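I opened this model to look up its sheet, its helices, its core and a few single residues. My entries follow in the order in which I made them.

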Amino acid sequence: MGIEDEADRTLFIRNLDTRVTEELLFELFLQAGPLVKTKIPKDLDGKQKTFGFAVYKHEVSVPYAMQLLNGTSLYGKTIQVQFRTGSSHSSPGNSQNSSPANTPNPHGQSLRGQRSLIAFFIFFLCTETIKVLFFSVRIEQPQDLITHFSLFVDALT
């Protein structure tokens with residue numbers, strides 16, 4: 001697995017919210033196939049950039065992941081997923097690039113089933129966040145619960 005091969009196994013992800021972590025990106029993109037790593041670069045000040053990369057173990061996962069995850073909403077921002085520049089997938093004559101909707105799932109699940117898994121994953125993250133919020137504060141009155149929930153919803157949007 002050389003550097004050229006890694007380009008063919010890598011997706012470029014843009015329009016990331018600054019709250020998206022490499023761990024979150026890894027868990028999300030893992031839904032499309034085995035991952036090697038995810039990376040969100042930082043600028044010279046250590047501030048996270050709004051783009052990242054996902055490197056898959058198998059090249060066959062890349063077009064499927066792009067089809068599956070392009071347009072997913074994270075923290076209210078729609079992510080854009082594309083083939084990494086320099087990959088054989090992004091060459092002009094490549095039929096996979098011209099019609100990613102025809103890409104079969106290399107892992108045996110239907111696209112609908114995969115989208116359901118992603119929706120569940122995002123719901124699970126929200127549920128875990130709610131648990132942390134609600135169990136880390138003391139709720140004295142029912143109105144407090146509504147206030148804390150409103151703060152949580154405001155934080156997500």
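**Ground rules.** I worked on a predicted model, where local features need pLDDT of at least 70, side-chain atom pairs count only at pLDDT 80 or more, and totals for chains, interfaces and linings use all residues. I number residues from 1 along each chain as its sequence is written, and side-chain values use heavy atoms, with hydrogens and water left out.

**Sheet.** I took helices (H or I, at least four residues) and strands (E, at least two) as DSSP runs, numbered from the N terminus. I looked up the strand order and found 4 strands in an open sheet, β2-β3-β1-β6, with antiparallel pairing. Two strands pair here if DSSP finds at least two bridges between them. I noted β2 (35–39) and β6 (80–83) as the edge strands, each pairing on one side only. From one strand to the next the twist averages 20°; axes are lines fitted to C-alpha atoms, for helices over the stretch in contact, and angles run from 0 to 180 degrees between N-to-C directions.

I then went through the pairings of β1. With β3, β1 pairs in the antiparallel sense over 5 bridges, and I13 has G52 of β3 as its bridge partner. With β6, β1 runs antiparallel and is joined by 4 bridges. In β6, L11 has F83 as its bridge partner, and R14 has Q80.

**Helices on the sheet.** Contact in these entries means heavy atoms within 4.5 Å. I looked up what helix α2 (residues 22–29) touches: α2 packs on the sheet against β1, β2, β3 and β6, and its direction makes about 140° with that of β2. Helix α3 lies across β1, β3 and β6, and runs at about 160° to β6.

I checked how covered α3 (residues 61–69) is, and 9 of its 9 residues are buried. Buried means under 20% relative accessible area, exposed over 50%, and partly exposed in between (1.4 Å probe, protein chains only).

**Core.** A nonpolar core is a set of buried Ala, Val, Leu, Ile, Met, Phe, Trp, Tyr and Cys residues joined through side-chain atoms within 4.5 Å. I found 23 residues in the largest one, where L11, I13, F29, Y56, I79 and V81 have the most contacts. β1, α2, β3, α3 and β6 are the elements that give two or more residues to this core, and α3 gives the most, with 6 residues.

I listed the neighbours of I79, leaving out residues up to four places away in sequence. I79 touches, among others, I13, L16, L28, F29, L69, G71 and L74.

**Rings.** How many aromatic pairs does a search of the whole structure find? The search returned 3. Rings of Phe, Tyr and Trp (its six-membered ring) pair if their centres lie within 6.5 Å; planes under 30 degrees apart count as stacked, over 60 as edge-to-face and the rest as tilted. The ring centres of F12 and F51 are 5.6 Å apart with the planes at 40°, so I logged the pair as tilted. F12 is in strand β1 (residues 10–14) and F51 in strand β3 (residues 51–56), so this pair ties together parts 39 residues apart in sequence.

The rings of F51 and F53 have centres 6.0 Å apart and planes at 85°, so this pair is edge-to-face. Ring pairs link F12, F51 and F53 into a cluster. F51 is partly exposed at 24% relative accessible area, and F53 is partly exposed at 23%.

**D17.** I found D17 in the loop between β1 and α2. Is D17 buried or exposed? D17 is buried, with a relative accessible area of 11%. Its side chain reaches the backbone nitrogen of R19 at 2.8 Å. Not counting residues up to four places away in sequence, D17 touches Q48, L74, Y75 and K77.

**E6.** My last entry is E6, in helix α1 (residues 3–8). E6 counts as partly exposed, at 26% relative accessibility. Beyond four places in sequence, E6 touches K37, V55 and R84. E6 and V55 are 49 residues apart in sequence and 7.1 Å apart in space, C-alpha to C-alpha.

Technical notes:
A polar contact is a pair of N or O atoms within 3.5 Å; within protein, one must be able to donate a hydrogen and the other to accept it, and residues adjacent in sequence count only if both atoms are side-chain atoms.
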